[in-house]
Each structure stands twice: as C-alpha cells, then as structure tokens.
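Subject: Model handover

Hello,

Here is the model we talked about. Please open it alongside this note, which goes through what turned up.

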Amino acid sequence: MELFDKIIDRSNTYSIKWEKYKSSDILPMWVADMDFKSPQPIIDALQKRVSHGIFGYTIMDQDTINSVKNFIKNNYNWDIKSEWIVWNGCGVVSSMNVVSKITKGDDILINTPIYPHFKKAPQNASKNIVEVPMVEKENRWTIDFNMFEKKITKECKLFMFCNPYNPGGTVFRRDELEKLSKICLKYDITICSDEIHADLILNPNASHIPIASLSEQIANKTITLLAPSKTFNIAGLQSSLAIIPNRDLRREFQKEMKDICCGVNLLAIEATRVAYESCEEWLEKLRLYLKENLELVQNFVNQNKSLKLLNQDATFLAWIDVSKLKLNDPYEYFLNYGVGLSSGEPFGDKNFLRLNFGTQRSRLKEALKRMENAIDAREKELS
Ligand SMILES: Cc1ncc(COP(=O)(O)O)c(C=O)c1O
C-alpha cells in the first residue's frame, strides 16, 4: 500500500482540524496540516529524546543549525551564515507580528487575497494595510508590478510577501522576483518573505527561489521566514526560523521578540534537525503524492463548469472560485453537504473556498463526491 494512503485516526488527539467537526459527519478539509504521519526518522528521534526523561531548559545546537544550512544550500543553492538565523518557537505568525512592529513606516504592503495573518499582523501593530490585489495572468495568480509600484506610499517601508503564495499556490519566477526586488530597493522597502511552503513545490517545472538569494543587496533588505512545520507535518511542535543577514535589522527583530517569543522547545529541536537532515526521500514521495491529489482536484474542477481553479505550482491547498454558484455563504453551503472547507472570506474573497488536499486519496475522493452533490443541487436550483 502506498505510504500516504493509510488512513490514520486523528480523533482524540486534540487536532484543531479534526476537533472542529468532531461529532458530525463533516470531513475537515481546512486548516493547513496534513493527515499523514511524519517521517519515521522524526518519530524515532522524538521517542529517543523522550525516553531520556529529563526535559530542562535547552539551547539550540550547532548540529541543528548546520542541518538547516545544508538543507537550504542543497535545495535552494543559498549559502546562509549561522548568525543570520533567529529561531522562534512561537512560529512564523509571531515573526510576522514582530516584523510588523519594527517597521518604521505606518503603511505595510500586502497582496490580497492572502493568508489572514498577513492582515492581522499589521493590524496588531496598528499599521495601515496597502492592498495590492493579485491578478490572473496566463492562468496563474501573480502580481501586477505596475500596480504594485503605484500603490507604494511614502509610509510604506515593508512588503509582506508570501512565496509560495497561500492561497493561490503560485511559485514566483526569477524574473518576477527580480522585478519585485528592484522596486523594493528603489523605494527602500524591506521585504518580509514568508517562504514556509517552499519545500512543497508540486510542479516539476517550477522551483523555489528565496528572494534573498538573488543578490547581497536584496538579502540585506530581507527577512526570510521558514519552518519545517508544513513540509514534515510537525506544526504542533512549533519550530520556525527567521533568516536576517542584515545585522541591524536582525538586532531590532531580536530586541522586539526578546521576552515575548520563546525559543524552539527541545522536542522541536530534535524534530527540526532530523527533518532537515534525514527526510529527503520521504519528502520526495510526499510531493509526488500531493501532485497526484492536486491533479484529482484539477480534473474535478475542470469537469464542473461552475468552478474555477488556476494552475498552481505549490502547497497542498487549492484556491477554488465558486462565484458562479451565486451562493450567499459558500462555506456554510458546502458544510451542509458534509465538507468543512476554509471560507475565502478571511483571506479576502468570500466567493472562493480553500480546499486542503493534504489527506489520503480515498478521503479526498469522498470530499469531492460530496462537493459534487452540493454543486449538482445548486445548479438545479439556478436553472
Ligand atoms: C503562509 C503561511 N505562513 C504561516 C503559517 C503558519 O505558520 P506557524 O504555524 O509557524 O505560525 C501558515 C500556515 O498555514 C501559512 O500558510
């Protein structure tokens, strides 16, 4: 049996995803974690660490730092220095909040629709959001660079970038990243690049390029946020890192997070080291499995003229346009047919739904069948 086909019961494990619809027949296809077991080397390393039995205050070790550096070098051809890394055991979202607080300007640029914390973080820091809507071009979501430049105000000193893009799955190409960096350098804008989905590129013709790897100049203006959580399905362990080559920026970031954010906990340190060191083979298989799941979703959408999904290169999240169904509340509508999707509303467009296909294929097929029933019923109503 295919490694990722095995159904694993997640009930009674306090999973956010599964607790939400606990006592109902609703399939949870929402929050971004996967229903797969983490790679065996991670499970073994955690068991070994737990059996030691002493869990005192722990520091980050050089072996774990080296495992991240090697992984980034091997996968993205980016050489980073140990001292550039700032670990954050409170996760990428808290780093987004830290960055929003330290920016000097009152306005923060973001693309929309977007993972909701891109809006929440600036709001928490009492900053204004300058929205640059994503546009559809050559059947993928991308940035209109002229519009991006026109939207920049005097108060914009930060662009919060999501690459690969959640929810639309875009992996930005080198030429696009170069355009972005050129504009940001011209207006002296720091980039906070959330690259948490970097390792989940499903399109073999796309590859992830960390924007900071383009040049020393842009590295100096960039905070790159990474984590092993999505890639190796260890979100509950809370491990993340910010890569900040610029010493002054790094100090400001560290000063702001000090005493508020925590270090990476000792189990997460073990998991992080082993994840980056020994799980490439597992990851390769995962990407193939997710790619086939994405194809299933894409075929499903293609057969339903009421739905639309642009090409996506990455992530296990599909951003589906359901506007043709003319529903008041698309999320509630599909819920009534037994599928718990993410509502597009907090991302910025209520006519979309986000489907998490990081699950066993049999479950995905069942969810799509239920969606089909929902769509058929609505199309009948509309005709
Ligand atoms: C783009 C993006 N950033 C950050 C996060 C959350 O990261 P963390 O759990 O480390 O706070 C997610 C989770 O879905 C995400 O999609």
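**The seven-stranded sheet**

Seven strands make up an open sheet with mixed pairing, in the order S2-S10-S9-S8-S7-S3-S4. Keep in mind that this is a predicted model. Strand S2 (85-87) and strand S4 (128-133) are the edges. Each has a single partner strand, so one side of each lacks a neighbour in the sheet. From one strand to the next, the twist averages 20°.

Towards the S2 end of that order, look at strand S9 (residues 222-226) and strand S10 (residues 241-243). They pair in the antiparallel sense, over three bridges. Thr224 sits opposite Ile243 in S10. H5 packs on this sheet. It touches strand S3 (107-112), S4 and strand S7 (156-162). The direction of H5 makes about 165° with that of S3.

**The three-stranded sheet**

There is also an open sheet of three strands, ordered S11-S14-S13, with antiparallel pairing. Its edge strands are strand S11 (317-321) and strand S13 (342-343), and each pairs on one side only. S13 and strand S14 (residues 352-356) are joined over two bridges, in the antiparallel sense. Ser342 stands opposite Arg354 in S14.

**Helix packing**

Two helix pairs are worth a look. Packed helices are described by the angle between their axes and the distance between the axes.

Take helix H4 (residues 92-102) and helix H5 (residues 117-124) to begin with. They pack at an angle of about 40°, and their axes are 8 Å apart. H4 is therefore oblique to H5. Their crossing is right-handed. On the H4 side, the contact residues are Val93, Met96, Asn97 and Ser100. They meet His117, Ala121, Pro122 and Asn124 in H5. By class, that contact of H4 with H5 has four nonpolar, four polar and no charged residues.

Then helix H2 (residues 40-52) and helix H10 (residues 266-278). Their axes come within 9 Å and cross at roughly 145°. This crossing, too, is right-handed. H2 brings Pro41, Ile42, Ala45, Leu46 and Arg49 to the contact. H10 meets them with Leu266, Leu267, Glu270, Ala271, Val274, Ala275 and Ser278. The contact of H2 with H10 divides into nine nonpolar, one polar and two charged residues.

**Ligand surroundings**

Which residues are closest to the ligand? They are Ala32, Gly91, Val92, Val93 and Asn166, out of 13 residues that surround it. By class, the shell has eight nonpolar, four polar and one charged residues.

**Backbone points to check**

Most residues other than glycine have a negative phi, and most peptide bonds are trans. The peptide bond from Asn163 to Pro164 is cis, with omega near -5°. Pro164 is in the loop between S7 and helix H7 (174-186). Asn166 and Pro167 are also joined by a cis peptide bond, with omega about 25°. Pro167 lies in the loop between S7 and H7 as well. Asn166 is also among the residues closest to the ligand.

Gln238 is not a glycine, yet it has a positive phi of about 60°. Its place is in the loop between S9 and S10.

Best wishes

Notes:
Residues are numbered from 1 along each chain as its sequence is written. This is a predicted model: local features need pLDDT of at least 70, side-chain atom pairs count only at pLDDT 80 or more; totals for chains, interfaces and linings use all residues. Axes are lines fitted to C-alpha atoms, for helices over the stretch in contact, and angles run from 0 to 180 degrees between N-to-C directions. Helices (H or I, at least four residues) and strands (E, at least two) are DSSP runs, numbered from the N terminus. Angles under 35 degrees count as roughly parallel, over 145 as roughly antiparallel, 65 to 115 as roughly perpendicular and the rest as oblique. A crossing is left-handed if the near helix is turned anticlockwise from the far one by less than a right angle, and right-handed if clockwise. Two residues are in contact if their C-beta atoms, placed from the backbone, lie within 7 Å. Ala, Val, Leu, Ile, Met, Phe, Trp, Tyr, Cys and Pro count as nonpolar, Asp, Glu, Lys and Arg as charged, and the others, Gly among them, as polar. Two strands pair if DSSP finds at least two bridges between them. A residue is near a molecule or strand if its C-beta atom, placed from the backbone, lies within 6 Å of it.
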